[in-house]
Amino acid sequence: MTEHSAPTRIDENGAAVSPTKAQVRRWRRYLADERAEAAVYRDLASRRAGEEQQILLGLVEAEERHQQHWIELLGARIGRPIPSDLRTRVLTFFARRYGSVFVLALMQRAESRSPYEDDVDAPPAMAADERIHGEVVRGLAERGRSRLSGSFRAAVFGMNDGLVSNLALVVGMSATGVATSVVLASGIAGLLAGALSMGAGEYVSVRSQRELLEASTPDPSARKALPHLDVEANELALVYRARGMTEEAASEHASEVLERIAHSADGPPTGAMSIGHDAELADAHESIGTAWSAAITSFFLFAAGAVIPVLPYLFGLSGLPAVAVAAALVGIALLLTGASVGILSGASPLARALRQLGIGFGAAAVTYALGLLFGTTVG
């Protein structure tokens with residue numbers, strides 16, 4: 001393709017201007033990224049059904065419109081397709097293999113960092129599209145976060161507590177100068193005690209939350225009383241007022257319900273007492289998770305985290321080398337758990353990873369210093 005084969009553009013003075021090489025490279029990169037993002041949404045849509053699938057396919061159509069803009073600008077200079085950037089390729093990889101909420105959370109960040117707002121070659125509508133896409137993906141990701149938030153919370157807390165508490169325990173004991181066998185025994189005891197405590201604590205916590213929610217669930221048997229209510233007194237309106245409706249809205253809604261009952265041969269309509277709260281309570285139950293799943297997840301994840309700082313002592317290391325290896329292993333694990341939380345929340349994975357690392361190492365440093373002080377005092 002020749003240099004003059006590129007389409008010319010019109011500047012603000014009405015003069016024809018050929019695009020620069022830098023512009024062409026940038027347009028081709030944008031085109032590659034739009035194609036890759038469309039592929040991510042298309043792959044995610046293939047793993048979903050119903051409304052979520054339609055929403056994702058709508059995003060695919062929008063990305064294809066954006067592709068067309070860059071194709072028209074490039075004209076004959078479109079050339080052979082170039083690879084998208086590394087971030088988009090990683091997203092495509094995960095979307096095709098997992099289609100998880102983590103991919104949606106990453107796409108949320110990707111959409112919010114669109115370069116179109118600062119690029120004169122991108123129409124304002126495209127920049128606005130990308131901003132709205134971020135909100136659409138945020139909504140889809142929120143659905144996924146709600147579905148796994150209970151178990152994910154238990155997993156993250158369990159793993160993090162196991163890492164931090166047992167690292168602090170073993171380095172603190174090691175600093176006192178006691179025998180390696182004592183440090184090892186302390187680490188294993190801390191693992192078992194902490195895992196049992198975490199499991200029991202999560203069971204009680206989640207079970208209590210679910211019981212509180214169940215206490216707020218409308219009593220199904222109350223529907224049987226609806227046909228016998230005094231229409232003039234309209235006691236049903238008090239139910240709706242107690243659940244947050246204004247007096248006027250409650251009276252109007254209660255009258256509608258009673259009117260439907262009067263003209264229905266099938267009895268009170270389903271959900272007549274709930275005014276929408278049944279769905280909210282169901283979502284809340286799903287977000288919390290089940291008591292047993294939270295307990296089991298916390299137990300095993302705490303144990304998995306707590307065993308890491310013990311590994312150097314299991315393999316015969318002692319003293320400062322064991323402390324250094326334990327700290328390094330735990331540091332890697334803390335970075336991974338922190339990054340996972342960052343990805344899921346749509347925040348910066350690096351910032352969350354470093355925060356997790358700082359908190360964990362801060363706790364370990366305090367116990368190590370106390371161990372040194374205690375060891376010196378006893379000695």
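**Note on the predicted model**

1. D121 sits in the loop that runs between α4 (101-112) and α5 (124-175), where helices (H or I, at least four residues) and strands (E, at least two) are DSSP runs numbered from the N terminus. D121 is buried, with a relative accessible area of 4%; buried means under 20% relative accessible area, exposed over 50%, and partly exposed in between (1.4 Å probe, protein chains only). The side chain of D121 makes a polar contact with the side chain of W27 at 3.1 Å, a polar contact being a pair of N or O atoms within 3.5 Å of which, within protein, one must be able to donate a hydrogen and the other to accept it, while residues adjacent in sequence count only if both atoms are side-chain atoms.

2. This is a predicted model, in which local features need pLDDT of at least 70 and side-chain atom pairs count only at pLDDT 80 or more, whereas totals for chains, interfaces and linings use all residues. Residues are numbered from 1 along each chain as its sequence is written, and side-chain values use heavy atoms, with hydrogens and water left out.

3. The protein chain contains 13 helices and 2 strands, and of its 379 residues 39% are buried. Taking contacts (heavy atoms within 4.5 Å) between residues at least 6 apart in sequence, 75% join residues at least 24 apart.

4. The structure holds 5 aromatic pairs, that is, rings of Phe, Tyr and Trp (its six-membered ring) whose centres lie within 6.5 Å, with planes under 30 degrees apart counted as stacked, over 60 as edge-to-face and the rest as tilted. One of them is the tilted pair of W70 and Y116, at 5.6 Å centre to centre and 50 degrees between the planes. W70 belongs to helix α2 (residues 50-74) and Y116 to the loop between α4 and α5, so this pair ties together parts that are 46 residues apart in sequence. Both W70 and Y116 are buried, and ring pairs link Y30, W70 and Y116 into a cluster.

5. Y203 and W292 form another tilted pair, at 5.0 Å centre to centre with 55 degrees between the planes. The pair links distant parts of the chain, with Y203 in helix α6 and W292 in helix α10 (residues 291-307), 89 residues apart. Y203 is partly exposed, with a relative accessible area of 28%, while W292 counts as exposed at 59%.

6. D33, in helix α1 (residues 21-46), counts as buried at 12% relative accessibility. The C-alpha atoms of D33 and P83 are separated by 8.2 Å, although these residues are 50 apart along the chain.
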